[in-house]
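Welcome to this short tour. Please open the structure in your viewer, and we will go from the whole chain to a single side chain.

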Amino acid sequence: MSRETALVTADWVEDHLNDPSVVLIEVDEDAEAYDKGHIPGAIKLDWKKDLQDGVRHDFISKDRLEKLLSEKGVSTDDTVVFYGGNNNWFAAYAYWYLKYYGHQNLRLLDGGRKKWELDSRELTADPVTREATTYTAQEPDEDIRAYRDEVVAAIGTQNLIDVRSPDEFAGRLLAPAHLPQEAAQIGGHIPTAGNVPWSKAANDDGTFKKDEDLKALYADAGLDEGKDTIAYCRIGERSSHTWFVLSEILGYPNVKNYDGSWSEYGSLRGVPVAVGDEPGEA
């Protein structure tokens, strides 16, 4: 993948608003943002209600995803363009999620909702319905998803990139300051992980930084391009954004997102934990 194949511009989206093979999907942290105004023709996915199992702590099944996207009017061969607020935070999570289930034609709107609004482009509150389809998902691609045992095995041998804030990394907070301090039992980070807060990959207008700036950002945190990489955060959504940067923009091979992230790792018994601002030792 590369910047050219993973991203589209706002101009490109405007030029394809009436293209039936292009499906715009808004996914936000704030599930009500779409209802206040969205790009004409865009449909909505709620990252929690639509994409989480609700009983098991996991994704919805392949069958449920097929039913969801069929009802939403998404076809297997459509070009799906995700966008959302806060630098495409949850839009990147949805991109990674659909790639896990094998959708081939995926893009992010560079800059997301923020760039669209800064350009004063059209938003509408009109409801959007698409004719139902028969969507077919693929078997999950485990090459892009990491689980706890392989994360423990990666300590000191692979790149571990913690994309939370420095205070979460050091163990001074368990979650972003504006959210409830819940989930993990203890604070800290996985030993040997470098800390690159996810939002450092974006410019002020929400677009992604230039490739050379992105490469320098992760190299400064110790990322070795010759090693496999696992990104994590608290619940796997911020690290999806970083996975997108490393895998889809920079084209680094063997990058996984650990969506169990600190909410899982910080509650495990017996695993190594580092605290403070330094990566720590294996």
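Start with the protein chain in cartoon view: its secondary structure comes to 11 helices and nine strands. The radius of gyration is 18 Å, close to the 19 Å that the globule rule gives for 282 residues, so the chain is as compact as a globular protein of that length. Keep in mind as you look around that this is a predicted model.

If you draw contacts between residues at least 6 apart in sequence, 77% of them join residues at least 24 apart.

Buried residues make up 51% of the 282 residues. Colour by charge, and you can look for 30 positive and 52 negative charges, whose mean positions are 3 Å apart.

For the last stop, hide the surface and select Arg145. You will find Arg145 in the loop between helix H6 (112-118) and helix H7 (148-154). Is Arg145 buried or exposed? With a relative accessible area of 5%, Arg145 is buried.

Show side chains here. Arg145 makes a side-chain polar contact of 2.9 Å with Asp58, and another side-chain polar contact, of 3.2 Å, links Arg145 to Tyr147.

Note on methods. Residues numbered from 1 in each chain as written. Predicted model: local features only at pLDDT ≥ 70, side-chain atom pairs only at ≥ 80, totals over all residues. Heavy atoms only, no water. Helix = DSSP H or I, 4+ residues; strand = E, 2+ residues; numbered from the N terminus. Rg over C-alpha atoms; globule rule 2.2 N^0.38 Å. Buried < 20%, exposed > 50% of the residue type's maximum accessible area, 1.4 Å probe, protein only. Contact = heavy atoms within 4.5 Å. Lys, Arg positive; Asp, Glu negative; His and termini not counted. Charge placed at Lys NZ, Arg CZ, Asp CG, Glu CD. Polar contact = N/O pair within 3.5 Å; in protein donor to acceptor, adjacent residues only side chain to side chain.
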